[in-house]
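Visitor: Could you walk me through this model, one question at a time?

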Amino acid sequence: MTEEKAKAYWKENISAILKLLAIWFIVSYGAGILFINQLNTIEISGVKLGFWFAQQGAIYVFVILIFVYVKWMNKIDEKYDVHE
Amino acid sequence: MDLQTLIYLFVGVSFALYIGIAIWSKAASTKDFYVAGGGVHPVANGMATAADWMSAASFISLAGIIAYKGSDGGAYLMGWTGGYVLLALLLAPYLRKFGKFTVPDFVGDRYYSDVARTVAVVAVIFISFTYVAGQMRGVGIVFSRFLQVDVNTGVVIGMVIVFVYAVLGGMKGITYTQVAQYMVMIIAYLIPAIFLSLMVTDTFLPQLGIFAKTTFAFSDGVKEIPAGTYLMHALDQSLVDLGFNEYTKPGNLWNMFMLTVALMVGTAGLPHVIVRFFTVPKVKDARISAGWALLFIAILYTTVASVAAFSRVNIIDRVQNVEYQKWVTEGVKQDDGRINHGGWFKTWEEGHLLAWNDRNGDGKIQYAAGKAFDDPKGKPHYNGKVAPDGHLLTSNPLPPQGNKPFDNEVYIDRDIIVLANPEIANLPNWVIALIAAGGLAAALSTAAGLLLVISSSISHDLLGRVMFKDPVTGKSKLSDKAELLAARLAAVAAIVVAGYLGINPPGFVAQVVAFAFGLAAASFFPAIILGIFDKRMNKAGAIAGISVGLIFTFGYIIYFVFMGGDPKNYLLGVAPTGIGTIGMVLHFIVALIVSRVTEPPPAHIQEMVENIRIPRGAGEAHDH
């Protein structure tokens, strides 16, 4: 593998990780903590939205994020021919 | 069948299963012992990781913590799950490609330093032992309550079971036992949760139960809460009536933020979690098994919020204004005809985890905000005497009277919430027996994983790579057979120490958990991240970073938790539980600065870093 190709692979990898971590931050620290009071003004069937993110919602998103990451990375691996 | 027979049956069958699996999957080499031969299927590894991770604290204590903390409890739910995203994206695939056996392996090799390796070993051992002590206490609580044996016998039985499958089977035995333990644990958690959800809200899935309306009317002691009120409204309303904070109202957001970071990063830095990703065949498998692990964990964690809310409503409904003597002996009928039996109250009272203080002398229980007993933590001190109506008496002086809306008379230990739930809700006996088996599965699976990490740190890292290192080749002078024997002996020693800690629990088990997470967050997580993502990071930077992170976090917790530091002096207002976050930030800053003003790492280390970034060629986990 050429050095250039390795660099490009690593760059694409990092950019995927950063995008996913941005979502990770928004659903947990954003919705569940920093903006919890604002979101709590929205209520669904008695449950305040910020409260729901902190106690349930963020966890669902975490699970989805990892599976998306796996699919995404496998595709990048194949594109650069570094898959196993 | 009566309850006791059912409990013996459930616990006995599950124990026989674990031992059977251990014998079937006995470890033959150090590779089997440390990383299960590196050939575990990702789904099985995910399940084993979930069981390894979810400890007695998750199973027994978490819902109780949330029930009392309300909104702020979200820090624990997000913190103990969000760390897996960091693991999957930032650590697991690269560590698997690195292809060694332990966390000190990585630290020692990447930073070409036996000092770093030794510091890592010490940190691994300290973190894992603080954790194990908590597990053994969990085993003790379950045994003493459900098996009618005393706590010490309970701990010894637990030690023998772990001994059989951890010492014989090593990682291989532990992994397959943990798969079985996950199944026992999740069934034991979900079935009572579903029963509760149906009973309180008429909704099958507990996750959706918090969106539903209550099925019964109840009096919180001040007001009547009608049936058909949204569950969360009923909870907020009744708690406010009783002088508590609103359940869904957030407290100090800054501390919640810091605690969540410390727990997430700590999770991703805990050695017994990281090591699980060395056991799968490929880099691809390491990524996906983190996903499976979190999915299996989420099945339990997404029900916790509901179980917490249901149990808080149940306690108010069942306990408020019942006549003690009649309630605990024959039970009472509530206005709408539901039967309410207080046998559970009596049992836990005798276990000294619950107490009633009839402050107004009316023979009825009143539950409200505030302390029922005059003690710094509101805990009762039993004096061995029994009142005419049968309740246990205490020697605490009377706390200040005349609170609004009335004086609280009940002390409830949070740890009993999950275990007592089925009894509080009058669920069938087999559900109670199931909870006992589940609690033991949770505690034993985590204890075994931790003991393995301790033993491999000693035999592989300390003996093999530091003390018996061949100075010429850099390899261990011990044969594989000798190292395997050393690993087994180290596991035996670790079990004995853990058992001792279980029988003589240090009074501060709950507080030291902050240690484990804080130290993992301030040491391993940054060291590994920088080792992968910063090619320029060198020995000097890493050692400086780890030292500053560890010393700062350690010192802060010692000062404020054990030496009575005044909370007014908290740095930036951060409580000791969340201080690992600051320790981590300091670690990053110090390591980056020091590494930039010292020599770059040697060429072969830089090559190694480039190599771990590329998935191809992971092969099997290899020795040295």
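Visitor: What share of the 84 residues in chain A is buried?
Guide: Happy to start there. This is a predicted model, where local features need pLDDT of at least 70, side-chain atom pairs count only at pLDDT 80 or more, and totals for chains, interfaces and linings use all residues. Residues are numbered from 1 along each chain as its sequence is written, and side-chain values use heavy atoms, without hydrogens and water. Buried means under 20% relative accessible area, exposed over 50%, and partly exposed in between, with a 1.4 Å probe and protein chains only; on that basis the buried share of chain A is 51%.

Visitor: Is A:Ile26 buried or exposed?
Guide: A:Ile26 sits in helix α1 (residues 3–34) of chain A, helices being DSSP runs of H or I with at least four residues, and strands runs of E with at least two, numbered from the N terminus. Its relative accessibility is 55%, so A:Ile26 counts as exposed.

Visitor: In chain B, where does α4 bend?
Guide: Helix α4(B) covers residues 56–69, 14 residues in total. A bend is the angle between axes fitted to the seven residues ending at a residue and the seven starting there. Here that angle is about 45°, at B:Leu62.

Visitor: Which residue just after α4(B) takes a positive phi?
Guide: A phi of about 65° follows this helix. The residue is B:Gly70.

Definitions and conventions: Chains lettered and ligands numbered in written order. Expected span 1.5 Å × (residues − 1).
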